[in-house]
Amino acid sequence: ADPGLGTTVTTDFTKGAGAGWVLEDGTSMSYNSLGAEFVISKSTDAPTIYFNKYIMFGKVTVVMRSSPGAGTVSSFILESDDLDEIDWEWLGTSNVNVESNFFGKGNTTTYDRALYHPVTDPIGTFSTYTIDWTASTTNWYINGALVRTLNYGDPNAVFGKNYPQTPMRVKMGNWVGCVDAAAMASTATQ
């Protein structure tokens with residue numbers, strides 16, 4: 001069945017590719033008992049999938065472990081065609097934290113919106129990460145614990161002007177943020 005807006009969609013990648021997920025150009029996926037594997041074989045690889053429906057506010061959750069390797073970035077994000085974005089991102093050289101971040105309308109005049117949250121062994125251990133996005137607040141959770149709240153009128157959201165507020169797709173994947181031999185052989189399982 002084709003899930004519509006206002007419904008709950010659950011995908012168990014340990015059972016294979018889920019209905020509604022689209023592979024970005026150049027992405028090939030494999031699935032196993034751990035879930036979906038986003039494999040980087042060369043520095044230009046950026047395996048990414050997205051859900052084929054947009055949401056306008058909602059709660060999204062992923063159970064995942066991040067990709068190891070210098071230069072690699074693993075991500076679980078909401079992103080709109082207007083470049084609104086709400087992120088969870090992991091750096092392959094850090095096995096102690098995760099970054100929460102957001103962008104409004106692609107505004108990159110500053111890069112001071114990221115916060116780093118402690119998490120135990122994100123590379124070796126599966127954890128649950130949630131984004132709960134409403135018209136007034138965005139909350140980020142790790143394993144059910146609230147770690148960050150962004151209010152619509154927050155100064156970092158330019159008092160609402162850059163608060164993410166356009167329909168978004170759920171996306172996840174990984175890529176090489178800088179070319180490094182160690183990064184080219186990394187994988188993430190989500």
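This note comments on the strands, one surface patch and the salt bridges of the structure.

1. Basis of the comments. The model is a predicted one, in which local features need pLDDT of at least 70 and side-chain atom pairs count only at pLDDT 80 or more, whereas totals for chains, interfaces and linings use all residues. Residues are numbered from 1 along each chain as its sequence is written, and side-chain values use heavy atoms, with hydrogens and water left out.

2. Strands here are DSSP runs of E with at least two residues, numbered from the N terminus. Buried stands for under 20% relative accessible area, exposed for over 50%, and partly exposed for the range in between, with a 1.4 Å probe and protein chains only.

3. Partners of β13. Two strands are taken to pair if DSSP finds at least two bridges between them. Strand β6 (residues 72-80) pairs with β13 in the antiparallel sense over 9 bridges, and within this pairing E79 has R169 of β13 as its bridge partner. Strand β4 (residues 48-51) also runs antiparallel to β13, to which 3 bridges join it; here T48 has G173 as its bridge partner.

4. The four-stranded sheet. An open sheet is formed by 4 strands in the order β5-β10-β11-β12, with antiparallel pairing. The edges are held by β5 (58-64) and β12 (145-151), each of which has a single partner strand, so one side of each is left without a neighbour in the sheet. Neighbouring strands of this sheet are turned by 15 degrees against each other on average, direction ignored; the axes behind such angles are lines fitted to C-alpha atoms (for helices over the stretch in contact), and angles run from 0 to 180 degrees between N-to-C directions. Inside the sheet, strand β10 (residues 127-133) and strand β11 (residues 137-142) run antiparallel and are joined by 5 bridges, with I131 standing opposite W140 in β11.

5. A nonpolar patch. L34, V63 and F126 make a nonpolar surface patch of about 230 Å². Patches consist of residues with over 30% relative accessible area and no salt bridge, where nonpolar side chains (Val, Leu, Ile, Met, Phe, Trp, Tyr) are joined within 5 Å and like charges within 9 Å; the areas come from the Shrake-Rupley method with a 1.4 Å probe, and for residues only the protein chains shown count as cover. V63 belongs to strand β5 and is partly exposed, with a relative accessible area of 45%.

6. Salt bridges. A salt bridge requires a side-chain nitrogen of Lys or Arg within 4 Å of a carboxyl oxygen of Asp or Glu, and by this rule the count comes to 5. One of them joins D12 to K15, with the closest N and O atoms 3.7 Å apart; D12 is partly exposed at 36%, while K15 is exposed at 71% relative accessibility. In another, the side chains of D45 and K42 meet at 3.0 Å, N to O, where D45 is buried at 14% relative accessibility and K42 is partly exposed at 47%.

7. E24 and K171 form a salt bridge whose closest N and O atoms are 3.4 Å apart. This pair links distant parts of the chain, 147 residues apart, since E24 lies in the loop between β1 (21-23) and β2 (30-32) and K171 in strand β13. E24 is partly exposed at 27% relative accessibility, whereas K171 is buried at 16%. A network of salt bridges links E24, E79 and K171.
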